[in-house]
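Me: Could you take a close look at the side-chain pairings in this model, meaning the disulfides and the aromatic rings? I would like the geometry together with the setting of each partner.

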Amino acid sequence: MMSTRRAMPIVVLSCLLLAGCKAGSLGGLSPSGSASASAATAGAGGADRAIAVGAGPQEKYTVQQQPAAGSCHYRYEKGEPLGDPACTPGAISPAVTQANLKTTICRKGGYTSGVRPSTSVTGKEKKLNAASYGYTGAMSEAEYDHLISLQLGGDPNDPRNLWVEPADPGHKTSQGINNKKDPVETKLHTAVCAGKVTLAQAQHAIVTDWTTALTTLGLS
């Protein structure tokens, strides 16, 4: 009879070949086609990287704890603001997968409005997150932004997927929220629903750098 120590590698190998292990088992292997599996991206998006999976849509959202005040730092690419990858690495919703795009983010009728947290929750989180990033500008000029947007299957209220996004360079005071990241999100959403790129590729590209996401995926 084969010993347990010798049999274990075969079990792991079988699990990998069949992609049948559950999340958290044998070192975090996850089933094929799940949100966790689709978050591990490759190819056009760059090197493999697993994106965290959040709690997904909730019937009642609660204010989430934010990073400590002053612990997060903006980065800038050609003057455009990017989040701190340690504070805001992104998180996806387990409710959206490549297999169910037609009934979630690509369906007509507005998926995002049904999963978006109320401003009574996000308003409080925004103030706390502004302190996390040391943002001192007008709150009306900054967006409490989903790094992976809801229309790309981002988690609605995971603190890893939300950050106070400052206004773009040249933005004039009192113009309200208006930034260049939003059109990028829309173009990625259109490409995903048209089958030009996979959901995982789009999620990975925008997490890595939203300013280069379209170019990286050949969509610019």
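The reply below takes the disulfides and then the aromatic rings.

Reply: Happy to. This is a predicted model, in which local features need pLDDT of at least 70 and side-chain atom pairs count only at pLDDT 80 or more, while totals for chains, interfaces and linings use all residues. Residues are numbered from 1 along each chain as its sequence is written, and side-chain values use heavy atoms, with hydrogens and water left out.

Let's start with the cysteines. Searching the whole structure turns up two disulfides (a disulfide being a pair of cysteine sulfur atoms within 2.5 Å). One of them is formed by C72 and C87, whose sulfur atoms are 2.1 Å apart. Its angle about the S-S bond is -100°, a left-handed link. The two cysteines of this pair sit in loops, C72 between β1 (52–53) and β2 (75–77) and C87 between β3 (80–82) and β4 (91–92), so that distant parts of the chain, 15 residues apart, are linked. Helices (H or I, at least four residues) and strands (E, at least two) are DSSP runs here, numbered from the N terminus. Both C72 and C87 are buried, where buried means under 20% relative accessible area, exposed over 50% and partly exposed in between (1.4 Å probe, protein chains only).

C106 and C193 are also joined by a disulfide, with an S to S distance of 2.0 Å. This link is left-handed, because its torsion about the S-S bond is about -90°. C106 belongs to the loop between β4 and α3 (111–115) and C193 to helix α5 (residues 181–193), so the bond ties together parts that are 87 residues apart in sequence. C106 is partly exposed at 23% relative accessible area, and C193 counts as partly exposed at 34%.

Now for the rings. The whole structure contains four aromatic pairs (rings of Phe, Tyr and Trp, the last by its six-membered ring, pair if their centres lie within 6.5 Å; planes under 30 degrees apart are stacked, over 60 edge-to-face, the rest tilted). Among them, Y74 and Y76 have ring centres 6.5 Å apart and planes at 55°, so they make a tilted pair. Y74 counts as buried at 18% relative accessibility, whereas Y76 is partly exposed at 48%.

Y133 and W163 are tilted too, since their planes meet at 50°, with centres 6.3 Å apart. Y133 comes from helix α4 (residues 119–133) and W163 from strand β6 (residues 162–165), so this pair ties together parts that are 30 residues apart in sequence. Both Y133 and W163 are buried. To complete the picture, ring pairs link Y74, Y76, Y133 and W163 into a cluster.
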